[in-house]
Each structure stands twice: as C-alpha cells, then as structure tokens.
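Please look through the sequence and the model shown here before reading on. The briefing below then takes the strands, the core, the helices and the contact between the chains in turn.

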Amino acid sequence: MERNTELIIKDLKKTYGKNKVIRGIDFELHEGERVVVLGPSGSGKSTFLRCINRIEEPTGGMISFDGTIVTDRNIRKIRRDIGMVFQHFNLINNLTVMENLTLAPVKLRVMKRDAAEKRAKELLRHIGLSNKANSYPASLSGGQKQRIAIIRAMMMSPEVLLFDEPTSALDPESIGDVLSLIRELADRGMTIMIVTHEMSFAREIATRIVFIDKGKIIEEGTPTEFFEHPKTPRVREFLNKVL
Amino acid sequence: MSDFFAKIAELFSTPEYIDSLLHGFLLTIQVSYFAILIGILLGTIIALVDTAKPSRWLVVPKFICSTYVAIIRGTPMALQLFIMFFIIFAIRGFPSIITAIIAFGLNSAAYTAEVIRGGILSVDKGQTEAGMALGLSQTTIFMKIVAPQAIKNIIPALGNEIITVIKETAIVSMVGMYDLNMAAKDIGSGQNMASYIVPMFTAALFYLVTIYLITFIVKRIEKGLRRSDLRAEE
C-alpha cells in the first residue's frame, strides 16, 4: 500500500556547546505509522522528538513535513499539524481545562469559539472528565492532566502526534488510563511517534521500533524483529536489561 | 509626661505645623508615586529585554540593560541622588521634585527589573513549550501564559520594592527638599517646637500607616491571584 510520507528527516544534528546529543539521524514517518522510539536515558531520544517541532532548535540537517521543508518562518504553521504530549503534561496553570483546550484553536482561528467549546466538551465527555471543564490543572491528578493534554493536542486535529515519555511521571494506575487513550487513537489510524520506557506497550502498539543510542539510530524494525531477533549487540544488551 | 502630651497638643493645634507635616507628606507621596511608576515602566522594559531570546538585534540593548542594573545596584542611592542634583540636573531653576522623581525612578527601575525578571524566569519552561507546540505566537504565549503566571510571583516582591522607595525618599532631605522626614526635623527644631520627639514620632506614624495600607492592598491582590490558582471546582 502506497502511503503518504508525513515526515522526512535527513542528517539531523543537535549540539549543546560541545555536547553532541543528536549526531546525524535519518528518518521517515509515513501516514498511519506508529513509531516507538526506544533507547537508554541520555541517548537523545527526547531531544530527537523535540527537534521535530522545533521545541529544540536543531543545529544541523533537514526536516520536511508534508512535503515542506521546515524553517523558522513556517514552523508555527506546521506546529498546528503536529500535536505534542509532554512528560510533565504542561497544561497551562493559569487557565481552566476548557481554556486549555480552546486557547489554541480559537486564537489560531482553526475553530470558532462555540465550535471549539462544543468539541472540547465532546472530548472531555469521551474521556469521562466532563465535570472538570472549569477546574484548574492544579486540582487534577497526573493521569487526568495527561489525558486532557492528549485531547488538547487532538483539538487541533493534527496529522501527527508526538508523545514524549507520556507515562513516565504517572502512578501505575493512571498509566493504564493514559495508555488506553493512546491505544484508542492508534486504532483510529492516527500517525504517532512515542518515546517511552513501557516495553510491553511499545511491542503492542508499534508498527515500527526505532532504537537510538548516543544520538544515532542504531537499529530499527518491526516489534517482532526488534524484540525477537535483535541484530545489534547493543540492542541485545539493552533488551536483556529491560525485559 | 504631661510635657509630652502638651507637645502633642501643641503640634496638632498649630496650623503651621500641621501644614508643614502635610506638605512634607505630600512631597514624599508625590516623589514615591511617580518614582514607582517610572520604576515599573522602565523596569518592565529592562526585564523584557533581559529575558528575551538572544538575537543579533538585542546584543547591544541587553548589554546596556545589564550594565545599567549593575551600576544602579552597585552604588548608594544617596550618591545617585547627589549626582542627579549636583551634576546632571545642576540647572538653576530646575524643579527639584522632578530631579528627585527621576533619581528615585531610575533607581527603582533597576530593582523592579530584577523582580520582574525573576518572576518571568520562575515560570516553568514547560508552559512556554506547550504554547509553542500548539503553534501559538511568542506574543500570545507571553500575554496568555507567561505573564499571568509571572505576576503571581512578582506582586509580593514588587510590594517590597514600593515600600522601600517610600522609605528611601526620606533622603531627599539631604539635598534640602521638604519631605515628611524634613518636616519632622524642621518642626522639632529650636525656632519651632524645640523638641524633636513628638514631630518625629508623628512622622514615623505617617510612614507606618502608609506602608501598612500598601502591605494590606498587596496582600489582598496576592490572595485574589492565588485563589484562581487553587480553585477546585465551580
């Protein structure tokens, strides 16, 4: 099946002073794919994800999204189509849940306020948090915050969703809630990239696993290939430790 | 003791003295008010330049701002006042109240800038990142996300700075201006009441009440801002 290529990344580099965090990554993401990025901590996997929508400014290489080369000038427009979910949720503290959900779509004229609020209510009802519409983030649990952060990203109807360790700051019970919401998006055909340490979830949800170590992709493949028949010693060592 | 009460009676029954005190108080308030206004305006600009993302255009402004803050914070207020009076505005007939307002305003700006800068930097970076990821502009991110959260951190420290300015203006008496502090000294001097205790305590009371009022208002504002932070349900 011929699929639309969402993202092409060539020779991506990111350095902080002398510290080379990303040392040349080539990568492609196709529509409907669910790529899970694995790797030891400090390998640069989060930085890789954050370079894609320029939350971190890359120091080298090229990224093109939907056929357009990403630059400082067009990045704001492109970010509307790339949703991001953070490890620490990053709901806006001074805004209510409803305001968090509607701020961007209304400000960026993606939707009228009425329409945005209607959609926000639907999504809140869907995740069972209708009663939290007027609450502030401070009064929510981690799991609630993260599920709201996910639907906040969905409000913009993005083409791609990036998840940066979405469950790393959660208690075990909330992790299940958040993962099932991600699973649901996956089932609906959302194009997804996830950085995570949840191995069984990675195995279950991924169409492709990418393993990053020391700022480079050193192995990629289907979950079966990756988990059953790892090619490189580094991945074998990693899997031995985490499984 | 009866002498003390007699002096109180004397102070409050002599219209001249009351007039002097009120005049002095008015000057103190005028200088403080406009100095604080300048301080907040200029301080905000300095803080914004200081916290802006580094770029080619901002190299010089950033340098100017940091040098300015360093100089103001590194020298005594009294000396800054002298320099304003005896060097920069040593112009015959130039209104001394304006010179004083400028001197205190420029001084307060440096401290206010630090307060505002601290407030802005204390907002979690994730808040900005969330705004960026949604495609919001820098201006929207600042106005809707960063500024409202920074203000919560700024208000208490800004209250302190306002109080400091009001008390510090007392040194205008060093350049011969007739503020509340000077009024107390004048009324207590030999050719007037010939006793310092009552006028000085009265002046102290004026300062205390003013500052108490400001503290009260700041606390109220703080509380109002915090309420929206922790409100659970509506």
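Two strands are said to pair if DSSP finds at least two bridges between them, and the strands themselves (E, at least two residues), like the helices (H or I, at least four residues), are DSSP runs numbered from the N terminus. With that in hand, strand 7 and strand 8 (residues 191-195) of chain A pair in the parallel sense over five bridges. The model is predicted, and for that reason local features need pLDDT of at least 70 and side-chain atom pairs count only at pLDDT 80 or more, while totals for chains, interfaces and linings use all residues. Residues are numbered from 1 along each chain as its sequence is written, and chains are lettered from A and ligands numbered from 1 in the order in which they are written.

**Strand 7 of chain A and its partners**

- In strand 8 of chain A, the residue that bridges to A:Leu161 is A:Ile192.
- Strand 7 (residues 160-164) of chain A also pairs in the parallel sense with strand 6 (residues 82-85) of chain A, over four bridges, and here A:Val85 stands opposite A:Phe163.
- A residue is called buried if 20 or more other C-beta atoms, placed from the backbone, lie within 10 Å of its own, exposed if 12 or fewer do, and partly exposed in between; by this rule five of the five residues of strand 7 of chain A are buried.
- Both faces of strand 7 are covered, with A:Val160, A:Leu162 and A:Asp164 buried on one side and A:Leu161 and A:Phe163 buried on the other.

**Other strands of chain A**

- Four strands of chain A form an open sheet in the order 2-1-4-5, with antiparallel pairing.
- Strand 2 (19-30) and strand 5 (68-69) of chain A stand at the edges with a single partner strand each, so one side of each is left without a neighbour in the sheet.
- Strand 1 (residues 5-16) and strand 2 of chain A are joined by nine bridges in the antiparallel sense, and A:Thr5 has A:His30 as its bridge partner.
- Strand 9 (residues 208-213) and strand 10 (residues 216-221) of chain A run antiparallel and are joined by five bridges; they form a hairpin with two residues between them, where A:Lys214 in the turn has a positive phi of about 50 degrees.

**The nonpolar core**

- A nonpolar core is a set of buried Ala, Val, Leu, Ile, Met, Phe, Trp, Tyr and Cys residues joined through C-beta atoms within 7 Å, and the largest one has 117 residues, with A:Val36, A:Val37, A:Leu162, A:Phe163 and A:Met193 having the most contacts inside it.
- The largest share of this core, 11 residues, comes from helix 5 (residues 96-121) of chain B.
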